[in-house]
Structures are given as structure tokens and as C-alpha cells.
Amino acid sequence: MSEHELVSLTIEGVDVSVPKGTLLIEAAKQAGVVVPHYCYHPGLPVAGVCRMCLVEVEKTPKLQIACATPVAPGMVVRVMSPPALEARKGVLEFLLINHPLDCPICDQAGECELQDYVFQEGRARTRYGSFAKRFNPVEDFGGDVLYVPNRCILCTRCVRFMDHVADDSILNVSERGDRALIGIHGDRALDHPWAGNVVDLCPVGSLISKDFLHKARAWELDRTASVCTGCSQGCNVTLDTRQSAVVRARPRPNPDVNRYFMCDYGRGQYRWMNGGDRIEAPLLAERDGLVATDWDHALARAAQLIKGAAGRTVVLASARASTEALFLARRLAGGSSVTGAFRVEYVPGEAPLSGVPNLALRSERAPNATGARVLGYTEAFDAAVRTASEAGLVLVLDEPLHGVPANTLAGAGMVIYLGTVLPEAARVARVVLPIANVAEEDGTFVNRDRRAQRYFQAKATPGMARPAWWVLGELLAELGRGGPFATAAEAFDLLSREDPSFAGLSYATLGTQGVGLPAARPPVVVPA
Amino acid sequence: MAIGVKVVRRPDSVSYLRATLKGMTLTFGHLFRRKVTMQYPEEKSEPGWSLSPRWRGTHRMLTDEQGRAKCVACGLCPQICPANCIKLVPGEDEDGHRYPLIYEIDEFRCVFCGYCQEVCPEEAIHVGVHYENAEYDRGRFVYDLERLCAQTHPVSSLWDPADPRGE
């Protein structure tokens, strides 16, 4: 009952109704007002230490902190009234007494809340110019994290994250008064598998990533919604790209999957997306080996080979391929005598984030293994490779063929290889078609909880490489079995029409947060 | 005939001698006037013909006491540059100080707007009061950090909105 009980109040002259128990700061968001804040974070317990979110509440003697005040019926709240502004001005002045103002060399500049609010407030001079600033040297917290104490505003988000979310209390506030700073357990490093989140949580440039240090400025980055490729959890991420190179991945809030967090392993996954060892043009097998050609010739040759194929067809797919590509590859292989297989690296042991239910770095280290299973691929990869060596047609979809001896596929009737890189075992292919990786195309992954989630193109494809859905769509069109597709959305529409697991879904319904697939096929109800 | 066209009849015969003499008088008359030509490059900037302190010429990077560039590679100048002529790659030295690994200005592309100087929080990069930039090679117009630091010409004072007349 309490969940549905609404409370009406007025914030900045806007009437809002929010569930009982909502904090003022969240209610203000519904009224379209962002109350300036540092210590409050929706993913962390409330501390109320920064005093930045002071607002005026009618009939209370003093200003209230919006982050710790629950709503009450008939409340009248003023966020931008003169007393509230004056109070926040005072808080900012205190925060800046010891702040080094080194924005030109600070990695946070451009996405720093202290910078934003100080700029908003507009005070250009300090009243403490004649006093020396407190100085503490930069500390290496271990892991990927550097601590710059001078920039710290002691919001304690990092401390609360380690205490309550990661459940590994190794940070605290050491010292007191104006000497206070974030301290770390003497014998420990900040090497918890999820510790990298403190860098994102830090509203200023105090906790910074060693990996990202001096790499790019915030305003140079293009941000793209994507999905982490590290494991089958499918954390929503934002890929930050600069000049067509991914420079970092950050968590993208999704209350149903990863809330506000992602693990350090996932953070490092952006590196392979920038690999330079890519196939940049379609290749055809000629007398003197593989020769580069254009798309028209390559697609025509591939379609001709598929038409003429006899016997078994084997699809060796990667669990990193998009759901669309997996579906289209299977459709292209057609017929009933098709073996579709993929393989996944399993790393024993999960690394859960204890404060968030059902969130962990999973041992299944591929983003779309569930999608492959839903589409009828099996994990009998080795058996499929053995079958492939005698099959009529072998279609390889972005599978790097690690550990597959170079001549294994030589016995197959013909091999068509769609991939980003060209391994030795794929050199027997009759046609090699270069495709885009996850950062270079639109697509969907299905995570371990059967949630279909979209990812978006973050950078340009190298050379002539095209998205796999486009390549497979063109081939299907040559064979008259659907396609071609102008967009990934069209490819997904075909998938949703053909496969009942995806029935009724489209890119519009998936949005940026994803939708769960029905747990199983709905039972057929026969009317009595 | 079109409206508004006036037809001037040419005289049948004309002597150009008088007009020529008149012209020559003016020409040779200049021999006896004060010379306005400056013997550049032997002579430069005589009084009343010096460059304005607000002149925006080729760049100069100022250095600190140790001779290092004052630049901290904050990235504001490549961001503000309307001609996209500044290339900057940040790095970190042994003491953990941020500094430019690569700092290059393509003076051919530069439009000499002076925004880089205006935006610089460290007062490191400046446009210079300088105009003699001839080179034998086009590539030499991409000034690297060493060259920018080695420049010695005075730097521009830019235009100050609070003091529009420079007084």
C-alpha cells in the first residue's frame, strides 16, 4: 500500500506527486530541478555531509538538505531562493579554500561538478588569497586508482561505495577538521574487482583512473550507449571515443541490470575494439592466395558458392556477434542439415558486487552466449569443427578460431569467413568478408537473464569493413531469402518476425535500456 | 537608343603633348618632396610606423625559469582554435607534471585570431608582435614546441574590452 501512496508538494512553484518516503532531491528531479549536490548519489546510502543541497522549506526554521529530507504533504520547497543560494555560495567558498584550482591539468575538468557549480555561481575572486593552501601529495591507491587529496571535497561517496556496495571497507576519512582526507587500509590496495567505480562516483578530480590519465579531455569525447562485452551480465556502458578510437568505458545507469556500476574487467574491454590487425577489404581465393577485391565481386562470389554448396552446413559463430548477425548467419545457412556452434571462455569464480542483487562479473566471458543459445547454436564447438572439416559449406562468423590448427578447415567443401581479423586457420577460406566489431555497428546482445539490449555505433569501421548484418543481408538478398537491410533495425525486424523468442520486439521497444525476452515460448492455449 | 546613355563626341584632332607635360610635371615634382618609402629591410619601423602592441603574428611559447614551456597541455587552445591548427598530445614527466609531448602549430592554417592566447590559463601560448616569417620550405611553417619556445619577439597584448583604446 505504502508503495502507491502519493504525497503532493510544491517545488519551485511546480506541483509534483511522488511516492511517500521519496527524498526531496529526487522529487525535485521530477519537478525539473536539479539541486546541486556532491555527497548524494542514488546508488549509495545517504550521508548528508556535503551540505551542498540546502534548500528552503517553508515553515522550517533552517534550511534543509534535500538529500536527507523525505517529502511531506503540502511542503513548499524553494531551491533557488536567495537564502538557499546564499547558503550554497558559502559551502562552495569553503570547498574552494584548499582546492588547488588546477583544472588545466585535472582529468575531471569538463565533467567536474565542482567546476560546474563554481562557474554557475560566478565568483571570480577568493577572500582567502593571503593564506597558504593545505597540501598533500598524490597517493597511489593501487588498482587503477590515484588519489589527489588536494582536490578532494570529502563527499565520502568512495568510502560509502566500498563500505556498503562493495562490502570491502578499506577506505575511510582519516584525520579531522581541515586536515581530513580519504585514507586507505595500510596493508591493502584498492584492488577490489569493482573498485574502479569510485573514479566515476567521485564528483571532482580527486579519484582518477591511471588508465585514462592525461589521455583525453572530457570535452573531446563522443559518448555512445553500448553494452559491455566482458561477460554475460550485459552491463550497460557508455563508450567514450576520441578520433575514432575508444578511450574508456563507463557504466551507464540501468536499474534492472547494473544500476550505476561496472567492474574493472569490463572497463578494460575497450582495448581490443581499437585493434589495428583488422581485415580492411574483402578477399577472394585466387591462384596466388587471397586477393583483395570490392564488395560487389566478393558478395557475388560468396552467393554463388552458397548456392552451389552440397552436404552439411556448419556455422562457427562467436558469442560476441550481434543477435542479428547470429540469426542471419543461421538463416543464410538455411536447410535442416545445419550445425551451429559457438564457444565461450569460462573463468571459474564470479566476482559479485554484494550491494546490488544479481550483479557480478560472470564466469561466462562473452556478451551474447545466451543470444546464440536462443537462436539454436550449441556449445559443441569442437564437435562442430570436426564436422566442419567434412562439411559442404562452413560459414565462420567472427570466430577467431584460436587453437584450431591451420589446416583443419581445408577438408571442407568451401569456407566463407566473416570476421574482423584473419587467423591462420581461416586462410583456406574461398571468400573473406571484413565485418565491423561491436563498437562499429548497431546491434543487440541478449544477456544471461535473457534481456535483449541494444548497442550503438561508436566509431567508424576500418577500411571497407561493413556490419555483419549488412553483409549477411546482401547475401540473403542474392539468394532471395530476405534482405537487403538498410539499417540494423530492419535486420532485427526480420528476426522478430521469424523467431518467436523475439516476437513483438523492435529497436523502438528495446530503447536504450533493453527488454527481457519471454522466459519460454508461451504455451499454446486451445480455446475450449 | 537606351535611356540615360550620353554620347560624347570625340574631337576630330587632339594634341596629347600638353597632357603629357602636365603628367610629367607631377611625376618629377615628387623628386623634390619628402620621401615616404621605407628602405625595408635595411630600415624597419621608424617612429610613427611601428607595429601595434595588439598585433597578432606568429606564435611564441613562454617558458619558466628552468626554460621549460609553461604549457600544461590542458587542451583548451586546440579546442578553441577555429582553424584547427594546433596539435597537442599530453604527457607526464618524471615528477608527475602534465606537459605537452607534442605541441605543433601550423602557421599556414592559423587565422591569427588570438583565441589561443586568450583562452590559455597558464599564459603560455601567445601570438607575437612579429611579421617576418619567410621560409624556404613549406614544412617549416609547422612550428614545434622547441621552435615556439625559441622565439624571442615581443608578444601581443591583445585587445582588452575593459580598456578598448589601449590606454
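This is a predicted model: local features need pLDDT of at least 70, side-chain atom pairs count only at pLDDT 80 or more; totals for chains, interfaces and linings use all residues.
**Aromatic rings**

- To describe a pair of aromatic rings, you give the distance of the centres and the angle of the planes.
- Take A:F141 and A:Y147: their ring centres are 5.0 Å apart and their planes meet at 15°, so this pair counts as stacked. Planes have to be under 30 degrees apart for that label.
- Both A:F141 and A:Y147 are buried.
- A:F445 and A:Y455 make a tilted pair instead, with 4.5 Å from centre to centre and 40° between the planes.

**Arginines over rings**

- In chain A, A:R248 sits over the face of A:F212, 4.2 Å from the ring centre.
- Chain B has an example too: B:R147 lies over the face of B:Y143, at 3.9 Å from the ring centre.

**The largest pocket and A:R250**

- The largest pocket is lined by 35 residues, and the closest to its centre are A:V199, A:D200, A:L201, A:R250 and A:P251.
- Which element gives the most to this lining? That's strand 13 of chain A, with four residues.
- Other elements of chain A that give two or more residues include helix 3 (113–121), helix 5 (197–201), strand 10 (207–209) and helix 6 (264–267).
- A:R250 is itself part of strand 13 (residues 245–251) of chain A.
- The side chain of A:R250 makes a polar contact with the side chain of A:D240, at 3.3 Å.
- Leaving aside neighbours within four places in sequence, A:R250 is in contact with several residues, among them A:E111, A:D200, A:R223 and A:M262.

**The largest cavity**

- The largest cavity holds about 110 Å³ of space.
- Its lining is made of 15 residues, and those nearest its centre are B:C71, B:C74, B:C77, B:C120 and B:P121.

**Helix 4 of chain A**

- Helix 4 (residues 157–165) of chain A is mostly covered, with seven of its nine residues buried.
- Those buried residues are A:R157, A:C158, A:V159, A:R160, A:F161, A:M162 and A:V165.
- What do they pack against? The list is helix 3, strand 8 (171–174), strand 9 (181–184), helix 5 and strand 10, again in chain A.
- After helix 4 comes A:D167, which has a positive phi, near 55°.

**A closer look at B:L101**

- B:L101 is found in strand 3 (residues 98–106) of chain B.
- Is B:L101 buried or exposed? It counts as exposed, because its relative accessibility is 52% and the exposed label applies over 50%.
- Apart from neighbours within four places in sequence, B:L101 is in contact with B:V89, B:P90 and B:G91.
- B:L145 is 44 residues away from B:L101 along the chain, and their C-alpha atoms are separated by 8.8 Å.

Notes. Residues are numbered from 1 along each chain as its sequence is written. Chains are lettered from A and ligands numbered from 1 in the order in which they are written. Side-chain values use heavy atoms; hydrogens and water are left out. Rings of Phe, Tyr and Trp (its six-membered ring) pair if their centres lie within 6.5 Å; planes under 30 degrees apart count as stacked, over 60 as edge-to-face and the rest as tilted. Buried means under 20% relative accessible area, exposed over 50%, partly exposed in between (1.4 Å probe, protein chains only). A charge sits over a ring if NZ of Lys or CZ of Arg is within 6 Å of the ring centre and within 35 degrees of the ring normal. A polar contact is a pair of N or O atoms within 3.5 Å; within protein, one must be able to donate a hydrogen and the other to accept it, and residues adjacent in sequence count only if both atoms are side-chain atoms. Contact means heavy atoms within 4.5 Å. On a 1 Å grid over the protein atoms alone, a cavity is a set of points where a 1.4 Å probe fits but cannot get out, and a pocket is an open set with protein on both sides within 12 Å along at least five of seven lines; lining residues have an atom within 4 Å of a point. Grid points are joined across faces, edges and corners, and a volume is the space filled by probe spheres set on the points.
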